[in-house]
Amino acid sequence: MRKGRVRWLFAGSVAAIAVAVALSASAYGSSKAGKILVDGTTETVTNIDPAGNYDYGTATVDYLIFNRLLAAGPGKNLTPHPELATKCSSVGNLKTWACTLRKGVKFSNGDSFTSTDVKFSFDRTIAINDPSGISSLITNLASTTTSGPYKVVFHLKHPQSTWLQVLTTTAGSMIVDHKVYPANKLQSSTSPQVGTGPYILKSYNPGQQAVFTVNPHYWGPKPKNAGVIINYYKDSSTMKLALTKGEIDMAYDQFSPTDLTSLKKSSSVKVYIGAGAGIRYLVMDVGKQATKLGVPTGKLAVRQAIAYLMPRQTIASRVYHGQVSPLYSMVAKGLPGHIDAFKTLYGAKPSVAKARAVLKKAHVKTPLKFTIWYTPTHYGAASADEYAEIQRALNASKLFNVTLKSAEWAGYVNTLGTTKGVFQLGWFPDYVDGEDYINPFYPKGQFLSNGYNSAKMNKLALKEEGAKSTKARLKIIKQEQMLAAKNVPLIPYWQNHMVAVARKNVGGVTSTLDPTYIMRFWLLSK
Amino acid sequence: MTGTSLKTYALTRLALVVPMVLILLTFVFLLMRVAPGNPIAAALGGHVPPSVIQRISHRLGYDKPIYTQYGDYLWGVLHGNLGRTITDRRAVSSIIVENGGATLELTVAASFVAMVVGLVVGLLAGRFRDTWIDVSGRLFGIVAYAMPVFFLGFLAQLLFGIWLGWLPTSNQASPITQAFLPVHSHILFIDAIWAHNWGALWDVVKHLILPATTLGIVIGGVFIRLVRINVIRSLKDDYVEAARARGIRERSVVYRYAFRNALVPVVTVVGLQLALLLGGAILTEETFNWPGIGSTLVSYLAERDYAGVQGIVVVFALVVVVASLLIDFVNAFIDPRIRY
């Protein structure tokens, strides 16, 4: 009996050792796997087909597979410059724009890139007009024509001086192979995606992972890594754990301020901070809209008083631990034409005395009671703290009695200015130009529905769109900022930075941190 | 006589499935429509004018009368078309297959852990009644059942993932394994065996340990108490007294006789706990970034994706209903007293 038991024990031990040796073998031990960059993100993907998305998470995927006609960045080079088009210019009147295309470019399947593909890409984006798509950004495009295999002409409905900036966005200018993509419907995200970009999408597992291998036909410099894997996470704390444990090599979108502060202390990773272009602002209903909702912001003096009290520095330091910067204009700092209009009119720091004076002058009785709305998760979990600081600053002045209310994004965004008199919003630009920080908010037809409609602003917007020189356009943008600060239907208060966190063996991160917020994985090495 | 009754019982129960699922479907449909917001506003709001959102919503029929939308949806479901999600255009059926595999992997592993924990602790507690083993076992069962699964998950990540560094803290497998393992069944455990990739198999198992153990312990808390009670009851039965009187060793009396009989009602409860398991799986998937159907449901809920939420809830309901039905049939077969 005893001998039998010993034999069993011995056999069991040998088996256990064999299993342990087999299992300890690396799943994929090739050196190539070691050069594949693994990125984590909390962003989501909608439709990878460029005609079907208008969100940052999907654009990140598209930038790896497709090219635009023109590009902005990296770094400080924000002026549109050649990508698939070597030259683009207006033919006389800003209504017609001609582009000369790069020769010798091939798609990832070997097909040649020509003007037919460009016309096809724009036409299908407009024809499909997908609910999640970006066709709203090219509503001014009347038609696209070709003139030979390497020339494209865009015919606009109205003059648009920023048409080249639009071509740097994902708005229909992500060029697809006309032989592969259907003309009137989207290509499924799990079907082959064919572009001229530096990578090929090897596989896409919705909500889990997107895997990219290097495109052997890519016309530009070879990527500095052997491929990219983007891992999708539901929340930043899980992503942070994965990063510190080395399960992923880097992550850049999006960490909470607390996570970032903690990561800065970690010895296994490095936090990189670059210029950003995202902003946060407070929207206030004006005029009849405000009266209808019973909020006092219909009066200019009330809005100015709130502007005098906005606690930008406290929000930046206490809530965001210095990871955002105070902002004094709706146009992001660092962009051509930016001026600190709010600083000029309302000062760099809060002033209770000035707020009181402006209300007294307008014979407004205080304290004024109203509700401010915010959304607790869409812009990050710090929104609650952010608005607690705004509430504290306003109430501490004794001029206001503010209560806070919140609603999740899907319900929050549904009605905006028509049901919420004073509310939080954020903005991330479609293209990095001052115009994209003015036109969505101030001229007639803006999406806020807060009742703001200034004839002077409408006139300036039209003038800016038709401006014949950059100098003239920037001058108008400055005028728009001053007028916006004077009328103050919106109060900007912070601007973000592009932040990436990477393990120490990842190189090239700083080269891609800029206001375009594009993570150019092809510049990163491991 | 018995056969006819069983047949009638089976048909009656099958017939009841239809109204049960219809009621749930209707309830979910109405809840989604009543909740503020719609998928178009959620996707494009804050970026385009309300007129654009209204135009797109009209194009997709979201401004139609609610009974019309309901009718269209029911018509599709009756023809086996669960539709496509609005946000990312995925066929709901493909979500069930692709993400369902991950949930199946998690729930099967968690069930295994729950059974082991429940049976072992419950047996010991019942066997050594009113001793410190019993008290510890019962306390463990109560704490396990009462503790929120996500909290236990966070603790497990902290202890085993960060402080000890033994196990990964999220996902189904390492990124490289997941990227390069050929997909056949959408269950990575099976796919790794299929590919004869033992390194990948170990990687998958390592990633499965924390989430399965977390969920398994919480579910196991239910079984501990049930097994304990049934073991105590069995140990008082006449046949156990008879076995003892015949001089059979106490060890054999407990494990061979009493315990086996104590398992019969436990098997029934296992099936009924499926709903609890699926609900717990949603929270576990969220905590461990597990790409299952539960976490996918949460994402679609946040985006007000009607098709995604309705489709997944229907499948959940069908799974629970069918499982309950099978358990009822087994019980009816075993115990003729169970009839309508």
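Helices (H or I, at least four residues) and strands (E, at least two) are DSSP runs, numbered from the N terminus. I noted first that this is a predicted model, where local features need pLDDT of at least 70, side-chain atom pairs count only at pLDDT 80 or more, and totals for chains, interfaces and linings use all residues. Residues are numbered from 1 along each chain as its sequence is written, while chains are lettered from A and ligands numbered from 1 in the order in which they are written.

Entry on peptide bonds.
I looked up Pro74(A) in the loop between strand E2 (70-71) and strand E3 (81-82) of chain A. The bond leading from Gly73(A) into Pro74(A) is cis, and its omega is near 10°. Next I went to Thr366(A) and Pro367(A). The peptide bond between them is cis, with omega near 0°. I found Pro367(A) in the loop that runs between helix H12 (352-361) and strand E14 (368-374) of chain A.

Entry on phi angles.
Val488(A) is not a glycine, yet its phi is positive, about 40°. I placed Val488(A) in the loop between helix H16 (470-487) and strand E17 (490-503) of chain A. Is Val488(A) buried or exposed? Val488(A) counts as buried because it has 24 C-beta neighbours inside 10 Å. The cut-offs: buried takes 20 or more other C-beta atoms within 10 Å of the residue's own, exposed 12 or fewer, partly exposed in between, with C-beta atoms placed from the backbone.

In chain B I checked His186(B), where phi is positive, near 65°. His186(B) sits in the loop between helix H8 (175-180) and helix H9 (188-194) of chain B. I logged His186(B) as partly exposed, since 19 other C-beta atoms lie within 10 Å.
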